[in-house]
Structures are given as structure tokens and as C-alpha cells.
Amino acid sequence: MISSLIGEQLVGDAQRLIEGAKKIVILTHMAPDGDAMGSSLGLRWWLEEMGKAVTVVVPSAFPDFLGWMPGAEDILVYDISGESAVCGQIREAIEAADLAICADFNEPKRIGAVGTMLLEVKNERDPKNQQIFRGSPGERKKEEGDLPILMIDHHPNPSDVADVVLSYPESPSASEIVYRLIYEMKGQLSLNAATCLYTGMMTDTGNFAFNSNHPEMYEIVGEMVRLGVDKDAIYNRVFNAYSESRMRLMGFCLYQKMRIFPKEHVAFIYLSKRELARFHFQSGDAEGLVNLPLQIRDIHYSCFMREDKVYPSEEEKAGGSKIKVKISMRSQGDRPVNTFCQEVFGGGGHKNASGGEYYGPLPEAVKLFLENYQRYCK
Ligand code: 5GP
Ligand code: MN
């Protein structure tokens, strides 16, 4: 017996949106991780078994080590140039949908240009805006209707774009919230759905090494293993799947790039585009690097930065820079890093795992970190 997290009223609201929809588009965050993929694909399998037509869209490529997940081959991956045919397909999928589900992210900014598309379609179809733009209500296209958004997430401060928000920052993964929604709706969990959701629960807790003191989490895992989920095989596929160059990049970071500030218990690593190219950097290769310094005794904060491609959403273009630096921070215990990320790098996230972005040259982002870490890490 799993206790109720979501509550009757919200389960009812989510259920109404789902039952009222035939075509559903599921969106998840940029640089999708195991929980982004797991919550989205888990939802996909469940909803498809309910007879819905489902499209999963990701705003940038997912890493190879998640490519084995059931349904990964059908995902529409936005091309960051914004120019290839798939971008048109994604717009069509959003336009055709009668429900959009945002899984594992809290604000449209986190999905870049796909978020801009979503908001455009939602605004166009909002009856209020149709009155403004298209004249009298009689002229509206009756068959269209609004595009409701259901958000299922565990990041603090959900934006108000969604119509129904299932936001539980106390939950270790979005995948677990999806499981609970299915459970509270008395839905059927297939092996494919369970495999995807398990993967998200496993990766967002570092294989149950942090955020993992919740007894019910193990009841859910037990249920999944009973259903046939092969947790040992999933572990192998996800965590023993580095390329040689990723392993060498890890060595390079730890041996040559890691700076330690013992007084503040801080570790700091940053990588330029050139350094990344030397190790044939692929999407997903940076995953986990920020966690490594926390294995050092007395290191409680870790920051990792890398130069990144620019995702050309309108908002980002307005920033004026062609260079983007991606910042990741981690901490242990009662030492929040989300305020640092939010106030210095315009980002946010969980208390112990946050990130942000800097539009400008890497040395400027590095300088900002060095000027600020003593203030935030204490
Ligand atoms: P990661 O370091 O794995 O990229 O991100 C860790 C967490 O930080 C994410 O789950 C997300 O909550 C948050 N995060 C990362 N980048 C950003 C960002 O640019 N903006 C915001 N608001 N949150 C971010
Ligand atoms: Mn997550």
C-alpha cells in the first residue's frame, strides 16, 4: 500500500485532462537525463496502453547510454539548428495535440525553442486570445479548443504556465511521481512503463545513494521487480556504459583540472570547447563529473562548468552572446547550491543539485564563480 502523495482533487484534475485527450505530446528538459527520459517514456507506454496517440519530444539529444530504453527510438529530438524536418514535425505534434505533458522540468525556459513553440501554440489556441486576434467568438475554429498543460515535476518553483501542476520537490524523481499518479488512478503498469520509470528513479538518486531515505521508494521498486524489471541489467546499461574517451575525460578532469579550496570545502572543474573536443565530447559525457569531487573527504560543494552549444530560442538570442557556459553544482547535506545558481547564473534547481547558464566567454563565468563561491559556500 503506497500512501497518497498527489491527493484526490489533483488526481481527479489530471485524470480529467488525460481522459479528455486523444493526442498527447510529452515534453521533457534539455540534455535529457535518466529521469527526464524515464518519466516521459513511462508516461508514453502507460498512455498508449490507454489508447492515446502519444509523441515524446526532447529539446536536445539524449545520451547513448539511455538509447536502449523502450521507446527511445521513436522520440522526436529537436535539432538545435532549428532547421531540419524534425523541427517541423515537432511543431505539428504540438499543434495536433489536445494535451501537453511537461515531465521533469518546471518552466518553459528549460526546454528552449520547444518551449517557445509550446507557448505559441497554447496562446494561439487560448479562447481569450482568439477573441483578441480573430475577432468575434463566432469566428473561432471550434474544433481546436485550448491546449491544456499538465506538469509533473519535482523541481522547486513551478511556473504558472500549466493548467494542472503535480509538483513535489520532496520527491526524489519525476518518474516516481508518474508511478504514483498511475497508482492513484488505479492504472495498469506494463513492463515497458515500469522499466522506464525504474530507470528514472535509479538515476536521479545515483543508484539509491542520495535522496533515498524514503521507505516507500523501495516498495515501489519491489513492485517493479515483481513485474519483471531487471534492475541489474538496467544498472549495467546505464552505469557501465562509458566510452573510452569519456573515461579518459574523467581522468583529465580529476588529474589536471580540479581545483580545491579546502577552507570552503569546495571543488571546481571547468572545461573549454577545445578540451571537450580533445576527448570527442558527446551529449551525456559530462553526466556525473560534477559528483566526483564529493567523494573526497571534507569536500562538500562541487562546481563543474563547460562551454556548450547555443540553443537558439528567442530569449537566448536576445542575450546577445554566441557562447554559452553550462554550470552544474552539487552539495551535501544542508548546504543549498540552488541560491548560488539562481542569483549568479540565472538558474536554479534542487538544494543539493542545481545548475545554470552563462551567456559569454568561459573565463568570465569562471571569474564569476571565483568571486562568489566564498559568499555562498560556507
Ligand atoms: P545538471 O547539473 O544535472 O545539469 O542539473 C541539475 C539540476 O539543476 C536539474 O535537475 C535542474 O533542476 C537544475 N538546473 C540545471 N540547469 C538549470 C538551468 O539552467 N536553469 C534552472 N532553473 N535549473 C537548472
Ligand atoms: Mn528529475
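How many aromatic pairs does the count come to? The count comes to 12 aromatic pairs, where rings of Phe, Tyr and Trp (its six-membered ring) pair if their centres lie within 6.5 Å, and planes under 30 degrees apart count as stacked, over 60 as edge-to-face and the rest as tilted. The model is predicted, so that local features need pLDDT of at least 70 and side-chain atom pairs count only at pLDDT 80 or more, while totals for chains, interfaces and linings use all residues. Residues are numbered from 1 along each chain as its sequence is written, chains are lettered from A and ligands numbered from 1 in the order in which they are written, and side-chain values use heavy atoms, with hydrogens and water left out.

One of the pairs joins phenylalanine 252 and phenylalanine 279; the pair is tilted, with 5.0 Å centre to centre and 35 degrees between the planes. Because phenylalanine 252 lies in helix H10 (residues 244-257) and phenylalanine 279 in the loop between helix H11 (273-278) and strand E9 (301-308), the pair ties together parts that are 27 residues apart in sequence. Helices (H or I, at least four residues) and strands (E, at least two) are DSSP runs, numbered from the N terminus. Phenylalanine 252 is buried, at 9% relative accessible area, and phenylalanine 279 is buried, also at 9%; buried means under 20%, exposed over 50% and partly exposed in between (1.4 Å probe, protein chains only).

Phenylalanine 340 and tyrosine 376 form a stacked pair, 4.7 Å centre to centre and with 15 degrees between the planes. The former lies in helix H13 (residues 338-345) and the latter in helix H14 (residues 362-376), so this pair ties together parts 36 residues apart in sequence. Phenylalanine 340 is buried, with a relative accessible area of 1%, and tyrosine 376 counts as buried at 15%. One aromatic cluster includes Phe340 and Tyr376, together with Phe261, Phe268, Tyr270, Phe345, Phe369 and Tyr373.

Around ligand 1 there are 15 residues, of which His155, Lys326, Ser328, Arg330 and Ser354 come nearest; a residue is near if one of its heavy atoms lies within 4 Å. A polar side-chain atom lies 2.9 Å from an oxygen atom of ligand 1 in histidine 155, and 2.6 Å from such an atom in serine 328. In arginine 330, a side-chain N or O atom is 2.9 Å from a ligand 1 oxygen. Strand E12 (353-359) is among the strands that each supply at least two shell residues, and E12 gives the most, with five.

Conventions:
A polar contact is a pair of N or O atoms within 3.5 Å; within protein, one must be able to donate a hydrogen and the other to accept it, and residues adjacent in sequence count only if both atoms are side-chain atoms.
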